[in-house]
Every structure is written in structure tokens, then in C-alpha cells.
Amino acid sequence: MSLTRPGLWAAALLLALSLGTLAAVAWRAEWAGGLGAADWAAIRFTLTQALVSAALSVGLAVPVARALARRAFPGRAVLVTLLGAPFILPVVVAVMGLLAVFGRRGLVSDALATFGLPPIDIYGFEGVVLAHVFFNLPLATRMLLQGWLAIPSERFRLAESLGAPVGRLLEWPMVRATAPGAFLVIFLICLSSFAVALILGGGPRATTVELAIYQAVRFDFDLGRAALLALVQFGLCALVAAVAFRVALPDGLGGGLDRVVRRRDGVPLLDAAWIGAAALFLLVPLGAVVLAGVAGLVDLPGSIWAASLRSLGVALVATALAMTLALVLALRPGAGVSLAGVLPLAASPLVVGTGLFVLLYPFVSPGRVALAVTALVNAMMAVPFAVRILAPAVAQAEATYGRLADGLGLAGWQRLRLLLLPRLRRPLGFAAGLAAALSMGDLGVITLFAGSDKATLPLEMYRLMGSYRSDAAAGAGLLLFGLSLGLFWLFDRGGRIGADT
Amino acid sequence: MLTLEGLLIEQGDFRLAADLTVGPGVVALMGPSGAGKSTLLAAIGGFIDVTGRVLVRGEDVTALPPARRPVATLFQDNNLFPHLSIAQNVGLGISPRRLRAGDRARVDDVLARVGLEGLGARKPGALSGGQQSRAALARALVQDRPVVLLDEPFSALGPGLKAEMLDLARDVLAADGRLMLMVTHDPADAERVAGEVLLVLDGEVTGPHDRAALLADPPPALRAYLGPA
């Protein structure tokens, strides 16, 4: 058995899923129609909100990351870990938490009312940007913190002993090198935002391209228009992904952020304010989810449990598939394979879903394959992250033990079993945890396919929110939150236990 | 035993040529840092491509991959997989598949010979540095290849322990008519166990030289490397 050949099959599958579905969509597109005014509005809105969201996330992350880099305080490690949490937090849960704080009947509006001021309303542009900053400010902070901690502490001491300006000499060049990559990653994430726009956006003034695709398929049943929009979406994402491919992207997932460089510059109170504000912005909505959820747990309709089981099944299948694909890709270094590994970033889930819809529609009812398609698309979306986590670990294991394994004649399956899998336990567990949590909380392609039955937990929760059963929705939100975190914890922990280093 | 015939290693600007034959016993490989001692071992082990021929007992092994060569290597570090038990690590020297009862008995026997009796179930991390070296020796021993290459596997040990391990390596590995070719920086190591010396200097491997004669009157380049006696 060769360890590199399956990588070709995985690459072919990912190419077919991203480019093949795009071709299927293009085949159905009605070129005569062209883009209407509403479509152009969606494109403008998509670009504007992504631009503002990315700029705000990175801009606000700079002072927060700087404060975290130079201040040691109790709870810092917990806070830095929590900054990684939004990545695995289901979008629909986070949005519910944000509504509980910033919505018309949320904490902020209540506080304003005591002063006789009108409530704030976050539906529309502001809400979409707010939610995107909530998700991506922590990501940007971790990326920049990585940059700060990569500056050797001796340089800070040297600058200090010379009386040189630390900011201009050391920090600004680092920010200038790191920030564009962080900006691009977040811009790309916001570009294919669907669930946030579905809940907080909508209407002619706040529809993303992804949301417009969904509406064209689901409400107007206009496959031609959906196809055209899907092409636009792919073009936008591919353009940004192509630029991002050239820029060295900072890593927001890694560990080793628990070091502090002791420094004497900066105003401690100001740093504390930044850290405190960021922590509140993150923690209060999560706290609101938990508080409201506990009360709502008794209200859960029976359908929630069936939906939970379906979601768990989808998440486990998607995880198994994603890890298999990512592992065989990581075992086969090469340009074609690494392209296949990043291509899913450009192919938005809704575009892939639309393509599969176009292909499957003549043969089976979309509702019947809803869960299978969701698992497949979820797996595909997790592959780029998993490959980024696994590939360095494979390279490390080969660099350290490759010659020993060669000398002992470990090849093929034996090499995988005796060398690679044991050395990859931790990254495999971590990547599987991410894939499972992402799939568990995904509210995307399922909305295209699902009928009234076969709903996943995020979809069921979204439906409860839509029918104003907020207590039950809050209970479902807490359940979903718990299941996503639980899956992540189980896989990540499973990779650590008994892993000899 | 081991013949290097018109051997030429080229890596970028680096060139190393060798044309010699060494017999069984313990042979030290000496020369300044960066001269190419480890590279020569990698070439004999089959880990890098060369021109010329490598012959073991008259058989041309140049085209064989590392595992099929009649050569076992003890690397400078990472000689044991940390996630496998000592017995599993040593067992890999016999076969990567599940071992038969007879092979398992052989592993136990060899572990006893290197002084690790009853420690087979432990992971490398639960052993001392010296014990880990013994386990690596045990693996090379069950591989039972006519040529054993030592790329300073004991350099991280203290002087006393290192001497002990070299004695053990000489006694168990170089016995039975094998060739043990060991890289060393330390003339005391060579004096302790080696009968002959290969010298790596200025892009060329020379020898075998008689160890006693060479160290008594080293050529100028080696003298410069060894420092004032």
C-alpha cells in the first residue's frame, strides 16, 4: 500500500466537489437574465460588511493583543483559551446571545430605557457587522498575539536598555507583517457569511450573496439566478483566496500563547480597560445564552431530541470523512494537493449545496438526501483547517523518525500504524474536535435541502427563534452549545490521553 | 567486509570521496566537524544518493533501500519510537508485523544481554538515558546485520556511562565477525574500543589506519583538530 496514492483520490474528490458543483451550477445558469438590481445590492452589501467587519476586528484586536502580550494577570490563560472558543461556537447560538445583550429587548436596550432612551435595533448592517466582530475579534487577537510573542524578549530588553521606542522599532513592523494576513482571513470568512445574514440580515438592504442564493433556491425556485449568484460568490471567494494564498497567513489555532514578556511601557490601566472590554464583549452574550438556556430547557419540544441525534450523526460522519481526507492529503505533499486543500475555502457551502441540488434534483427529492449532503459539505469545509493542523505534524514526525523508520523498513500501512498515527494523535484529536464542533453547529447547506422533517439541531433552533418561541429556542441553544463544546472536548481530550511525547 | 569503490558524495558545494576496504572489528571514523563523518554513514546506510559502489561482503548494495541493506544504524538521537514499548521497539528490528512466540523470546533474551531484563513493557520515556542507549543497542543486535553504524549515539551521556556503553557495544555488536563503524570526536573513545581508524579530511576518506600508530603521530590536519596533546 502506498501512503501517497490515496491523496490523489482525496484531491480529486475535493476538486469535483468544489469545481464540479460549480460547473453544474454554471450549466444551469441563465446567462440572458444577467444580474438584477437586487443582486448588485447583495454583492455591494457582501463586500461592504466584510470590509467593515474585517477592519473592525483587526483594528480592535491590535490594542487587545498588545495588552495581553505585556500584562500578566490571574485568569489570563483562561481568557486566551476562551478567545479560541468562538471558532467552535455555533453561529445561531452566538447570535442569540448577541440579541440577548444588544437586541431590542436586550440588556443594553433595557439600560437605555431606564434613562428614557429608545432601544437599539441590531437587525441589518449593524447586526451583521456586530456578529462578525464577535466571531472574528478573538481570532484576530490570537493571530496578533502570536505575532507579539514571536518577538524575542531579548529584543524588548535591548530596546529598553537603548531607550529606543518599542512601538516603532519592534511592534509596528510586526503588526504590519501580521495584520494583512489576519484581515484577509477574516474578510474571506465574512464574505461567505450565511447564517449571520439569515438571522440578522435579510431584506433588500442587508442580504449577502450567500443569502440571496438561498432565497433564489428556496423561495423563488429560480435555479438559473441561484446559479449566476453562485458563480459570483465563487469568483469573489476565489479572488480573495488567491490573494491569501500568496500572503503568509498567521495562525490563530495554535497553542503556546501563555507566555508574557515583562515590559515597563504602556499604561496598565488602559491595557486593563482593553482586556476588560474584550472579555465582557465575549463573555456577557455567552453568559446570557447559558442563563436563558437553563430556564428554557424545560420547554424543549420533543422534536429537539430527534434533531440532536440527527446532528450528532451528521457531525460524526462529517468528522470521520474530514479526517480521512485531511490525513491522506497531509501524507502527500505537493502543489496540486495543497490546492485541493484550500479550494474548499473559496467554494462556499451554499454554492456547493446549490450544485449538488442541481445535480440531485432530477433523481431524488432533496429532503431525502439532506443529512448526507450536509455531512459531505461539512466534511469538505473542515478539510482546509485539518490539513493545516496535520501537515506540519506529519513533516515533524518524518523529520524526527523518518530515517529510523526507513532503516527498519516501515512502509505503507506499517509506517502509518507504527509511526505516523501515534505521532499524530494530538493534532488528529484537535482537528477532529474542530471538525465535529463546526459540523454540529452548522446552519448552512441544510437550509437548502431540509423539508419539515430531517431538521438538524441548529435548524430546529432557528425555526423556534423564527416562530417566537424564545424560551424553547434558548433551551435548544444551550443544548447545542453544550453538544458542540462536548464533542470538541471529547475528541481533543482523546488525542491527549496516553499520548507519549 | 565493507568496500567503498569509487564512492563520491555530492551535496551542493560539499564533496566527499572514498575508495577503501575495511574488515570486521571496531573501526573509528574521525575528522573535524563538518568534514562529512555523518554524511558518510548516511551514504553507507542508504539514506542519501551517491555515485560509485558500496559493497558488503562482496555484494553490491548500492541500489538497495536502507531496510534491505545488510547494515544497521544507531543514529545520534531518536533511536526509539517514544510511543512504543521497549520490547516493541526492539521487536521492530525483527519485523514490523506481530511477532511470533519465538521472536518474542529472542527479544527478551537480547534485552537481558544488554542489561534490561524485565523492562520490556516500559516506554522509552520511563527509562534513563543510559537504559535508552541499551535498548537501542538491543535493537541493532536483533537486526543482526554484518555492518553496524554508530553515529555518536552515546554523545549525550556522561563520560563514565559513555565508556560503559562503548564497551557493551564492542562486546555485543562487534562480536560474531561484524564490522562496527563508529563516528567519534574523542581520541579516548577510539583508544578504548577501536583497532583501526578511518580519517575524513579535506573531502577524502583515508584508511584504515592503525589506531595506535595514527594517534601516536597524527598528520598535521588531524593534529590541528585534536589540539595539543
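This is a predicted model: local features need pLDDT of at least 70, side-chain atom pairs count only at pLDDT 80 or more; totals for chains, interfaces and linings use all residues.
Me: How much area is buried between them, and what share comes from carbon and sulfur atoms?
Reply: About 3700 Å² is buried between domain 1 and domain 2 of chain A, and carbon and sulfur atoms give 80% of that area.

Me: And how many salt bridges does the rule find across that interface?
Reply: Zero salt bridges are found between domain 1 of chain A and domain 2 of chain A. As for polar contacts, the count is three residue pairs, with both residues at pLDDT 80 or more.

Me: Turning to chain B, what does the domain assignment give there?
Reply: For chain B the assignment gives domain 1 as 2-70 + 145-226 and domain 2 as 82-144. The contact between them involves 14 residues from domain 1 of chain B and 11 residues from domain 2 of chain B. The centres of these two domains, taken over C-alpha atoms, are separated by 25 Å.

Me: What area do the two domains of chain B bury?
Reply: The buried area between domain 1 and domain 2 of chain B is about 1100 Å², with 63% of it given by carbon and sulfur atoms.

Me: How many salt bridges are there across that one?
Reply: The rule finds two salt bridges between domain 1 of chain B and domain 2 of chain B. The interface also has three residue pairs in polar contact, both residues being at pLDDT 80 or more.

Me: Which side chain does B:E164 meet in a salt bridge?
Reply: B:E164 forms a salt bridge with the side chain of B:R134, at an N to O distance of 2.6 Å.

Me: Now the interface between the chains. How many residues does each contribute to the contact?
Reply: Chain B contributes 20 residues and chain A contributes 18 residues. Together the two chains bury about 1700 Å², 66% of it on carbon and sulfur atoms.

Me: Which residues of chain B lose the most area to chain A?
Reply: They are B:F81, B:H83 and B:P96, which together account for 32% of what the chain B side buries. By residue class, the side of chain B that touches chain A has 12 nonpolar, five polar and three charged residues.

Me: How many salt bridges and polar contacts are there between the chains?
Reply: There are zero salt bridges between chain B and chain A. Four residue pairs are in polar contact across this interface, both residues at pLDDT 80 or more.

Me: One more topic: how many disulfides does the structure hold?
Reply: Over all chains, the structure holds zero disulfides.

Me: Is A:C190 buried or exposed?
Reply: A:C190 counts as buried because its relative accessibility is 0%. A:C237 is likewise buried, at 0% relative accessibility.

Technical notes. Residues are numbered from 1 along each chain as its sequence is written. Chains are lettered from A and ligands numbered from 1 in the order in which they are written. Side-chain values use heavy atoms; hydrogens and water are left out. A disulfide is a pair of cysteine sulfur atoms within 2.5 Å. Buried means under 20% relative accessible area, exposed over 50%, partly exposed in between (1.4 Å probe, protein chains only). Contact means heavy atoms within 4.5 Å. Buried area is the accessible area (1.4 Å probe) that two parts lose on being put together, summed over both. A salt bridge is a side-chain nitrogen of Lys or Arg within 4 Å of a carboxyl oxygen of Asp or Glu. A polar contact is a pair of N or O atoms within 3.5 Å; within protein, one must be able to donate a hydrogen and the other to accept it, and residues adjacent in sequence count only if both atoms are side-chain atoms. Ala, Val, Leu, Ile, Met, Phe, Trp, Tyr, Cys and Pro count as nonpolar, Asp, Glu, Lys and Arg as charged, and the others, Gly among them, as polar. Domain bounds come from an automatic or database domain assignment.
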